[in-house]
Amino acid sequence: MSTMTEMSGGPALPQERRVVTSIPGPKSQELMARKQAAVADGIGTVMPVFAKRAGGGVLEDVDGNSFIDFGSGIAVTGVGNSAEAVVRRATAQLADFTHTCVMVTPYEPYVEVCEELARLTPGDYSKKSALFNSGAEAVENAVKIARTYTRRQAIVVFDHGYHGRTNLTMALTSKNMPYKHGFGPFAPEIYRVPVAYPYRWLTGAENCAEEAAAQAIDQISKQVGAENVAAILIEPVLGEGGFIEPAKGFLPRIAQFAKDNGIVFVADEIQSGFCRTGQWFACEDEGIVPDLITTAKGIAGGMPLAAVTGRAEIMDAAHVGGLGGTYGGNPVACAAALGAIETMRELDLASRAKRIEEVMKPRLRKLADQYDVIGDVRGRGAMLAIELVKPGGKEPDPQVTAALAKACHQDGLLVLTTGTYGNVMRFLPPLVIDENLLNEGLDVLEGALAGL
Ligand code: PLZ
């Protein structure tokens with residue numbers, strides 16, 4: 001198997017952690033001053049260094065520091081940055097044509113991506129897709145499609161769910177700050193019900209799946225009326241809510257309820273999809289076959305592309321001309337997606353994600369035994385997290401989480417935090433990361449915990 005350096009496009013990028021300045025370094029500080037003057041404050045920054053190159057398992061900044069990448073640009077560059085096949089295919093497409101608008105003059109790469117999506121997503125029924133630019137746009141369109149298909153309006157979402165930042169998807173998203181605060185009014189006919197969050201289920205993890213499903217179904221039936229519900233929308237692993245894996249049994253019960261009531265069951269796999277959790281899609285782990293699935297992020301190796309894929313009869317419910325957008329399914333993004341999918345297949349990145357779990361989870365569990373601030377270790381594949389709490393209980397500790405992330409950044413490890421309570425540290429390495437870097441990243445985390 002080729003080394004990470006060969007797999008990334010562009011000049012060879014040493015696969016090493018290297019901290020040569022204080023973080024942020026002087027050039028990043030200069031650029032940050034320019035950012036503050038020119039870029040709206042609403043666009044925040046997780047780690048205040050400016051990127052110069054990235055590939056394999058590292059990101060290099062403008063000061064020559066090289067960070068081990070445990071973020072993948074929020075679960076996007078699973079195949080690595082500038083992956084060879086992505087660069088090759090997108091470059092060829094760039095030279096041929098950059099845009100025609102699929103609604104004006106279609107092109108083959110768009111159709112090819114939709115054919116791949118039909119092959120890769122769960123379900124052996126006849127499938128169709130529509131392509132868009134961002135995850136939020138895919139979710140909006142899934143809602144439009146489900147509503148025209150069912151001729152119903154209500155959409156059911158879950159506590160801790162995240163679906164985007166546009167007006168409709170803000171309504172679908174549960175967390176107020178920073179996503180919704182001050183941005184209302186929000187779209188109507190959205191109903192939020194409990195999710196099976198094992199670590200925080202009041203009567204204990206063992207009762208969680210059954211009780212949460214019963215509560216959710218009761219609320220849908222009594223408060224909304226199942227016959228009014230167009231779609232139930234859920235992330236199989238809830239990402240921005242804190243990498244919550246719904247207790248086993250919860251998703252199948254909700255999916256069955258949807259089926260029994262003519263409700264379109266939509267899996268939002270925008271963060272969890274494309275090999276991230278050790279399968280092509282996370283819902284496969286419990287044998288869930290959604291009616292519609294939304295994808296983005298990992299689909300195109302860093303180029304903006306998103307999709308809604310599902311049962312042909314549902315996808316075809318919208319009238320001709322009812323779906324679209326100027327750039328949706330841009331040819332360069334489609335070519336990149338075909339390169340990313342080729343890479344995932346050839347390198348069997350689903351297995352690599354499982355291997356990442358094998359390496360990381362035992363070490364995270366050991367750290368949890370050692371450090372009381374780690375209340376929970378969870379996730380699967382290369383979508384893993386620790387939940388940080390005040391020792392002795394389960395009170396969320398966002399301060400310690402932020403401090404830990406900062407200490408990791410200072411020492412050359414790019415990590416992200418997440419969660420409704422801001423107290424979850426998540427690990428989303430590129431699936432092509434070297435095992436040495438993975439272990440070295442965990443060493444950095446261990447050092448940061450020891451230094452708290
Ligand atoms: N659905 C499950 O994870 C994006 C958000 C980062 P877009 N998650 C990262 C931020 O702070 O904006 C996401 C997701 C799930 C939908 C989306 C939205 O995807 O491509 O960001 O629109």
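This is a predicted model: local features need pLDDT of at least 70, side-chain atom pairs count only at pLDDT 80 or more; totals for chains, interfaces and linings use all residues.
Residues are numbered from 1 along each chain as its sequence is written, and side-chain values use heavy atoms, with hydrogens and water left out.

In contact terms (heavy atoms within 4.5 Å), 34 residues of domain 1 meet 28 residues of domain 2. Together the two domains bury about 2,500 Å², counted as the accessible area (1.4 Å probe) lost on putting the two parts together, summed over both; 52% of it is on carbon and sulfur atoms. On the domain 1 side, Arg380, Met383 and Thr420 supply 30% of the area buried against domain 2, more than any other three residues.

Arg380 turns up again in a salt bridge with Asp285 (2.5 Å, N to O). Across the interface there are 4 salt bridges, taking a side-chain nitrogen of Lys or Arg within 4 Å of a carboxyl oxygen of Asp or Glu.

As for secondary structure (DSSP runs numbered from the N terminus; helices H or I, at least four residues, strands E, at least two), helix H12 (349-370) and strands S11 (374-380), S12 (383-388) and S15 (424-427) each supply at least two residues to the side of domain 1 that touches domain 2. S11 gives the largest share, 5 residues.
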